[in-house]
Amino acid sequence: MTELTLPLPVRRSSAYYRLRRRALRSLQIFALFLVLIYTLFPYYWAFVSSTKQGAALYRSVLLPALDFTYYRQLIDNPIFMGSLLNSAYVAVATTFLSLVIGISAAYALGRIDFPQRRAVLMVILMISIFPQVVVLSGMFELINWLGLFNRPSALVLTYLLSTVPFTTWILTTFIREFPRELEEAAIVDGCSHLRILLKILLPLMGPSLASTGILAFILAWNEFLFALTFTLTDENRTVPVAIGLIAGTNRYEYPFGQIMAASVTVTLPLIAVVLVFQRRIVAGLTAGAVKG
Amino acid sequence: ETISVFCAPTEFELCTKVADAWKAKTGNEAKINKMPALLDDAIPIYQQLLAAKSKDIDVLFLDVIWLGMFKANLLDLKSMVPQADQDKHFASTLNAAKLDGNLVAMPAYMDVGLMFYRKDLLEKYGKLPPKTWDELAATAKEIQEKERAAGNDKMWGYAWQAKSYEGLTCDAIELIASNGGGTIIADDGKVTIDNPQAAEAIEKAKGWIGSISPEGVLNYDEEASRAVFESGDAVFHRNWPYVWGTSHKEGSSVIDKVGVMPLPVGKDGQKSSGCLGPMYYGVSKYSAKAQVAADFVNFITGTDMQKMRAVEATLNPSIQSLYSDPDVLEKIPFLKDNQQAFADSAVRPSGYTGTSYNRVSQAFYRSTHDMLSGSADPKEGFASLAKRLEKLKESR
Amino acid sequence: MSARLARRDHRAAWLFLLPVIVAMLVVAVWPLGRTFFFAFTDAYLDDPSVYSMVGLDNFIEVFNDHSWWLAVRNTLIFTAISVTIETVLGLAIALLINEAIPGRGLARAAILVPWAIPVVVATRIWEWMLNDQFGVINKILVGLGVIDHGVAWTASSSLIMGVVIFIDVWMTTPFMVLLILAGLQMISQEIFEAAEVDGIPAWKRFWSITLPMLRPAIGVAVLFRVLDALRMFDLSYVLAGSNEKVMTVSIYARDRLISFQELGVGSSASTWVFLLVALVAIIIIGALRLDKAAGH
Amino acid sequence: MASVSMESVSKSFGTQSVIHNVDLKIDDGEFIVFVGPSGCGKSTLLRIVAGLISASSGTVRIGGDDVTDVPASKRGVAFVFQSYALYPHMSVARNIGFALETMGIRRDAIAQKVQSVARMLKVDHLLDRRPRELSGGQRQRVAIGRALVRQPDIFLFDEPLSNLDADLRMEMRMEIAKLHGDLQTTMIYVTHDQAEAMTLADRIVVLNHGRIEQIGTPSELYHRPDNRFVAGFIGSPRMNFLPVETQTGDNSAGVIGPGGLSLTPKAGDGETIAEIGVRPEAVRIVPTGAGRLDCVLERVEDLGHEHFAYCRIAGDALWVIRLAAAPAAETIGQTVALSFDDQAVFLFAANGRRIGLEAEPSDIRRAIR
Amino acid sequence: MASVSMESVSKSFGTQSVIHNVDLKIDDGEFIVFVGPSGCGKSTLLRIVAGLISASSGTVRIGGDDVTDVPASKRGVAFVFQSYALYPHMSVARNIGFALETMGIRRDAIAQKVQSVARMLKVDHLLDRRPRELSGGQRQRVAIGRALVRQPDIFLFDEPLSNLDADLRMEMRMEIAKLHGDLQTTMIYVTHDQAEAMTLADRIVVLNHGRIEQIGTPSELYHRPDNRFVAGFIGSPRMNFLPVETQTGDNSAGVIGPGGLSLTPKAGDGETIAEIGVRPEAVRIVPTGAGRLDCVLERVEDLGHEHFAYCRIAGDALWVIRLAAAPAAETIGQTVALSFDDQAVFLFAANGRRIGLEAEPSDIRRAIR
Ligand SMILES: Nc1ncnc2c1ncn2[C@@H]1O[C@H](COP(=O)(O)OP(=O)(O)OP(=O)(O)O)[C@@H](O)[C@H]1O
Ligand SMILES: Nc1ncnc2c1ncn2[C@@H]1O[C@H](COP(=O)(O)OP(=O)(O)OP(=O)(O)O)[C@@H](O)[C@H]1O
Ligand SMILES: [Mg+2]
Ligand SMILES: [Mg+2]
């Protein structure tokens, strides 16, 4: 060993460190508090605003007025409630379809060794970067040609453009993470590819299905441009469009309170879903996207 | 028979009523579809439907500035609506819908820029409603300062709209036209914007920002500026007639303190030039039931229905006779005094520009916004705008 | 090699890829093809059936348009600044809620809320909160004595880009946090422990261990965000209409296509947007060697 | 160098109590090995010493100072992880020298120090590589080098060799022993491997369910286990056990068990013997009738240098017998007798305590050789 | 049950060649063990037999039929993985019965079959549990059960016991041996563990760098290795080697080496002896002068039932000596002499081939006992 003498570490008393740790902990909790305010306050404010009427809106009182007129109006509005149902249908169907398509593609891309695998993956990634406006007119022709104009199903179809690439991408990385031996065990047990996918991989992909599913769901639930363009009549509209249709008594009037009430209402299911699946979203992404 | 009609979401109930009345009268049904609240969002929808020659839609609700855009896809109503019915409307309004010799739509009601003001404050400080913009600025300034001194430190003199959007085209045209500076492009297609009066008007308005108007007006639209006025924080307020209704609704801080007048003028003797915003109904060329649809258009734009809308929703009729109708006046008392405002209105140059209107308007409001926010000089700005517009004209 | 076994697998692979291929052909390739096609025509939106081919004229027109370059500049500035802030903030928050502190479960859930709110709505909320006369932000700042009268956040042309970036940061930081958090959780805890026992101070641990180890995770997150930011549309559009100060390339393309009805020029603008985004994507993917990851 | 002591240290994760009231004094320069079944709390205890986990209660002292709340980075300990935990993005040289970088030492001094440590561990030709380009043994050496370079007061090892091949493990084991011989630094070492524990330790600490079962030198634990748990845990193959019944005779207790077993153990002190144990190497196979109990010789395994015979007693307990030479092939499957010396028999009470601890027969050791 | 044969099987992954021209015939009912250093291709070869990997060239036959192009599911093989690869979302019962489900067998028939297999493996009380609720040994049993239930022609095991504790490993090893004894099915078994290889195999295949070094019974490999690699690989601790120089004398070659070694080996046939090898248990420590070579006794390890002595020869080679009793304590650190019988010496040529293979001294075996 060389003679290099290392500086002696300065070590203070146990009590000093105890104090320091407590201080640090308090600081962290405070920072966390700030983060919570930062992320939640706007939503809270939307809620506050939605319970105020008229000029009360212009007085910045931090407490909600707890006037639920707008909410009552929403609930009594069959068109709005109908659009909730449409949204649910569109979002669920989109999610389901993109998961089915995505998982099937992901199995091929993640598990089967074939030469063009990388190219296919890159093409799919490239597709996911198209701006939506770019395809609007072509999409409209397609919808008309399929006779789907003004049907919620048209939205399901068009949303696949945005959801399928990333579901495929995330599920592929996830499937690749999977212990290969499970699949080999199944092969030896006599399973076909389809059976492996259905009986072995699928039941085990809960977390990543949940997280990609939620991403797809949020996307489909919140989409506006296509929904606006491809539906015509009230009974076929989705929630964001329905919110877009909430109007005052004049074309220039912007009924802020009502719109905030509607926004709070439609965001609620999403928040609930996110809360419930919070752990899985992180877990699913852990296995998925980040690996790339 | 059943036809399909587009209606603004704000007028959904009115439209339903019209449809009921029409059914009672003719036995035909009209199915009402809501348009997006941001009416401009309807453009691509119309566009797609018309490009696809869709039969899904018969009657379209149209803003005046869209008429040029859709004229190729709209049915000529000249022969389908009785001449007598056509003649009941303000000529200027009806003429705005006559493009390439076709009557592409019928006016349903009209909007015009009006000046709202605080009756109570003007009285308190012994002021008369101003006639010129300079008077307005001076009055606004005085009241603002006195009110602030009295502790009302949120008070502003004048709230208007200068966000970089279509509304600014209106506000700016009003200022320029009332100062004798024309309406950007004349009816014959001549680009008129590069003139000293126009520059002067904008220069003046620029001076207001920060002194009698909050800097925020540079991103105010109708609603943002109305909020200031209706919470009692502005003396003057330029807006559309609907503010009359909202400022008298529960929750407003200025109930019964509001007065209305035509917009001021640049100099004595010039014309007040409220921006005209009439709305129309037209029939799609691809409608399978064109005659029924035209009947409906005539019905919904007819005297009875316009009166109904005026009474129920304070929408200003485009039919001259209604301006002396007692029922209407009871509901909208200012109509009588402001008939001139409607007659004198400044029309945006959408008739000539047609499909290109949005480009012209965007170029105009963008350069105006630059001038108002101080990043461009009005004289030079309008000169270069004029050149751009000339070039635009060539491109189509 | 028993090529027969391999060929069988390849056939199975294409069979499994069939749905995605069909779906993408229908919803992506065909509409895109139309857009590319129209980019070479002089068609107008009011009657797309009438057109003639004009070669590269539309591309040249866009290329020579001052507004386009303004939009490109805005887009790049917006992307660079907002993604940078999001990354730094996302990293900080991710590190914070990765610590074992009480309430972090709640924080992890709460951080996702901005993400679940539709963009249009979020923009409206912030516009409202930032209102110069009635905005709660101004109220609070005035109350705290930071400023003496309300700032017109969205009016001044020097501030509006800042506001757009601010709102975007609020809306999309959760995405960053999520991806970085996921990355953090994949790093073996023992590496941090090793550094701690080795007496490495916290800042150095962060700088020399955490950051380099998080690089792949941050890289992917940045890629996704950059691609998204380059296409940004609704936020700017809802907040400021077509204010040139915050006009993005997507708004430019939409203006030409929808507001101006120029199907041809609009399509070529869209194509330019696509090319821009693809270029950036390729650069980032190359820099991160994401393609390797994809193939391996 | 420093002594370590723990005073009634306990630890629970949430509601799960993992370490119960551990008291332990480790002298300066000692080599201590923690062994115990998986999940018994070895790693947890080691991490408490390192400061990576804070104890729920109790006091930890290093060199006499209370360090209970001192963070790991200030304790002057070095930790070698089972997974090595090398920094994957740094070269071997930086991995080793990283701790010195923050001490304000000059670059060339660091390089020199790293070089000398690397040379000592025979990884000096690898200094530019990344950890993923190293073999398991090389990684292990780098991990040790990283610990070494800081000249810590205490080395902590958590199963450092368990990812290595048998040969390599043997080799590294010797190097760690040599390291301890050279440095004379206090070392605490966790392992699963019998050979490592037996050969490296000055004293072994046997843990079970978060409690210390016994502390002692390897030979003490092997020859004089306190209880059945330690007796069964130390030694490979493990000790053979047989449940028995005590039959109280005139003045000393007799013991009978399956397979015709009958013993008259010396000690006893009136305690009831519930089980006996005999190590595999203390048992001999003899012709039927000549032994202490009968069993069926089920199977013989030839390991080259030795043989294991498996013998089933009364259809139940299976005893392993370590033999130098294979038993005659024809005896396989047949009943044979087993014989062992009295001194080789360990006696256990029903609660597992070994009986006769006090009157330790000094010749047990000789008996099983 | 079936025989397996491979005819010049090769495999490369991309440009990396992993298996080179392997020829191997396995008889029906044989228990074959593959051993070799990590990365030598054991698993790859096993997977080629299973059909999980297809060979790059060559032919694989099972029961005489060419199965080179037959998919894994049709080969009638069962595979037990190191990681067990149990389906985590299925109960133990479904895990075992899954292959039967795939075959479309009736539910009650499956249940019955699963029950009987589970009972045989003593996991019938666990049938409703999920894999994560099982201990390592139980998982291992379930994995074997899953293989068993299909009554395959061939069992393939890839290090099935390497995740288990020493005790458990020993126990499971016996059960696998018993299984083979009962079923008499062909089994191929990959392991790192010397004891498993030695005790389970009918024949061991030693692989190195994708080539077969030697095939033979455990005893053949231990006592008559073909080359230095096999000699060094089989046996634990490994054989002691010493490089030597051949000095050609009158009619037979004499050999001298470090530490004063001097030998006159019987065989030779003119081949140059480059190295000699002696197993640890064949070496004895004797007083200086009384042995064949001198060395410094560096260290002695006490494992309880035996001792390892480490002796350094001429400051270089380190020999391990297995001893029943510890050498006298005062000899540690001193020079001692080592002695071994002539018959215990293995001779190697410079290319590693063992010399004197043909004229195998039949008494080597006896010599090292
Ligand atoms: N962070 C933790 N949270 C909760 N329980 C834990 C945690 N770390 C360890 N435990 C539990 O504490 C017990 C002791 O764990 P520890 O890692 O000390 O065991 P060990 O003796 O090192 O085992 P092994 O030999 O398997 O490494 C185990 O039951 C384990 O489940
Ligand atoms: N899918 C693969 N792609 C590329 N190389 C591979 C692949 N599988 C194995 N190899 C390489 O083939 C060689 C042999 O691997 P194999 O797994 O057969 O070794 P092994 O003898 O089983 O080793 P171990 O004892 O560590 O399990 C190794 O060098 C490995 O890196
Ligand atoms: Mg442990
Ligand atoms: Mg292997």
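In the predicted model, a polar side-chain atom of D:Thr44 is placed 2.4 Å from an oxygen atom of ligand 1. Two further side chains of chain D take part in such pairs: a polar atom of D:Glu159 lies 3.5 Å from an oxygen atom of ligand 1, and an N or O atom in the side chain of D:His192 is likewise 3.5 Å from an oxygen atom of the ligand. Ligand 1 on its own exposes 630 Å², of which the protein buries 61%.

The shell around ligand 1 draws two or more residues from each of two elements of chain D, strand S2 (16–26) and helix H1 (42–50). Helix H1(D) makes the greatest contribution, with three residues. Among the residues that surround ligand 1 are D:Phe13, D:Gln16, D:Val18, D:Lys42, D:Ser43 and D:Thr44.

A separate analysis concerned the domains of chain C. The assignment divides this chain into domain 1 (1–38) and domain 2 (40–294), whose centres, taken over C-alpha atoms, are 32 Å apart. Contact between them involves four residues of domain 1 of chain C and 13 residues of domain 2 of chain C.

The size of an interface is often expressed as the accessible area lost when the parts come together. Between domain 1 and domain 2 of chain C, the buried area is about 670 Å², and carbon and sulfur atoms give 70% of it. On the side of domain 1, C:Phe36, C:Phe37 and C:Phe38 lose the most area to domain 2 of chain C, together accounting for 85% of what that side buries.

Conventions
Residues are numbered from 1 along each chain as its sequence is written. Chains are lettered from A and ligands numbered from 1 in the order in which they are written. This is a predicted model: local features need pLDDT of at least 70, side-chain atom pairs count only at pLDDT 80 or more; totals for chains, interfaces and linings use all residues. Side-chain values use heavy atoms; hydrogens and water are left out. A residue is near a molecule or strand if one of its heavy atoms lies within 4 Å of it. A polar contact is a pair of N or O atoms within 3.5 Å; within protein, one must be able to donate a hydrogen and the other to accept it, and residues adjacent in sequence count only if both atoms are side-chain atoms. Accessible areas come from the Shrake-Rupley method with a 1.4 Å probe; for residues, only the protein chains shown count as cover. Helices (H or I, at least four residues) and strands (E, at least two) are DSSP runs, numbered from the N terminus. Domain bounds come from an automatic or database domain assignment. Contact means heavy atoms within 4.5 Å. Buried area is the accessible area (1.4 Å probe) that two parts lose on being put together, summed over both.
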